[in-house]
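Okay, everyone, thanks for coming. Let me put the structure up, and then I'll walk you through it.

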Amino acid sequence: MIKAVIFDYGNVVSLAQTGDCADEMEKMTGVPAEVFRSVYDKFRFEFDRGTIDGVEMYRQLLVDAGYSDIAKDKELLKKIALLDMQSWRAYNQDVIDWALSLKGEGYKIGVLSNMPTEFLTYYEKEIPIFNFADYACFSCRVKLIKPEEAIYRVCLDGLGIKADEGVFFDDIQENIEAGKKVGLQCFLWTGLDKAKQDFSALISSIK
């Protein structure tokens, strides 16, 4: 029996990133946008884990890419880090509405997201699903990140469910595979319509 539906935030609840943030960073610094996009592969996990802040993340990125002089400008780094957080602020109201409708049908709602402390500091109170969720598991607060198995178990414990009682939506295949290993019913997020189809098919199959 499915008791809870768990959502990732980035590119699931949030509006999809377009790359404009990195392009704007290039305009601000003269550093190629591709350098800023590479932060996700090199330094983002520790930012999401809560071990470094945004300024330090971008300082490390710029030093690593050979832009040590720019990396010394703390005020510029603060502006870059803030721009990063702002780029994730907009959310998809249709996804919020679906989550609310599921809650109205009796399902618990969870959030399981690799999330930096700074985003929550700025925007936690204004993202509806963070506030109506029965449990929101943020990486920066538990010092764990997807796809580490432990963070899935923390989320399940927070919701008070067994793994096979939860459905998880995420836009990254690696995170989906990790959730399946824990025992969750997992679906790769490619859009709201497909997610609704996947969920309906699952519910129909287990009735």
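Let's start at Arg 49, which is found in helix α4, residues 44-49. Helices here are DSSP runs of H or I with at least four residues, strands are runs of E with at least two, and both are numbered from the N terminus. Before I go on: this is a predicted model, so local features need pLDDT of at least 70 and side-chain atom pairs count only at pLDDT 80 or more, while totals for chains, interfaces and linings use all residues. Residues are numbered from 1 along each chain as its sequence is written, and side-chain values use heavy atoms, with hydrogens and water left out.

So, is Arg 49 buried or exposed? At 16% relative accessibility, Arg 49 counts as buried. The cut-offs are under 20% relative accessible area for buried, over 50% for exposed, and partly exposed in between, with a 1.4 Å probe and protein chains only. And what does Arg 49 touch? Leaving out residues up to four places away in sequence, Arg 49 touches Ser 139, Cys 140, Lys 143, Leu 144, Ile 145 and Glu 148. Contact, by the way, means heavy atoms within 4.5 Å.

One of those partners deserves a second look. Lys 143 is found in the loop between α11 and α12, and its phi is near 60°, a positive value in a residue other than glycine. Lys 143 is partly exposed, with a relative accessible area of 43%. That loop between α11 (139-142) and α12 (149-159) also holds Pro 147, and a cis peptide bond joins Lys 146 and Pro 147, with omega about 10°. For background, most residues other than glycine have a negative phi, and most peptide bonds are trans.

Asn 11 has a positive phi too, about 65°, and is not a glycine either. You'll find Asn 11 in the loop between β1 and α1 (20-29), partly exposed at a relative accessible area of 25%.

Okay, on to the sheet. Five strands form an open sheet in the order β3-β2-β1-β4-β5, and the pairing is parallel. Two strands pair if DSSP finds at least two bridges between them. Which strands sit at the edges? Those are β3 (135-138) and β5 (185-188), each pairing on one side only. From one strand to the next, the twist averages 20°. Those angles run from 0 to 180 degrees between N-to-C directions, with axes as lines fitted to C-alpha atoms, for helices over the stretch in contact.

Zooming in, four bridges join β2 (residues 108-113) to β3, and Ser 113 has Phe 138 in β3 as its bridge partner. Helix α8 (residues 93-104) packs on the sheet, touching β1 (4-7), β2 and β4 (166-170), and its direction makes about 160° with that of β1. Helix α14 (residues 192-206) lies across β1, β4 and β5, running at about 160° to β4.

Now the aromatics. How many aromatic pairs does a search of the whole structure find? The search finds 15. Rings of Phe, Tyr and Trp (its six-membered ring) pair if their centres lie within 6.5 Å; planes under 30 degrees apart count as stacked, over 60 as edge-to-face, and the rest as tilted. Phe 7 and Trp 189 have ring centres 6.5 Å apart and planes at 70°, so the pair is edge-to-face. Phe 7 lies in β1 and Trp 189 in the loop between β5 and α14, so this pair ties together parts that are 182 residues apart in sequence. Both residues, Phe 7 and Trp 189, are buried.

Another edge-to-face pair is Trp 98 with Phe 169, at 5.8 Å centre to centre and 65° between the planes. Since Trp 98 lies in α8 and Phe 169 in β4, the pair ties together parts 71 residues apart in sequence. Trp 98 is buried at 9% relative accessible area, and Phe 169 is buried at 0%. Phe 7, Trp 98, Tyr 107, Phe 169, Phe 187, Trp 189 and Phe 199 form one aromatic cluster.

Last stop, the inside. The largest nonpolar core has 57 residues, and Phe 7, Tyr 58, Ile 129, Phe 130, Phe 169 and Phe 199 touch the most other members. A nonpolar core is a set of buried Ala, Val, Leu, Ile, Met, Phe, Trp, Tyr and Cys residues joined through side-chain atoms within 4.5 Å. Helix α7 gives the most to this core, with six residues.
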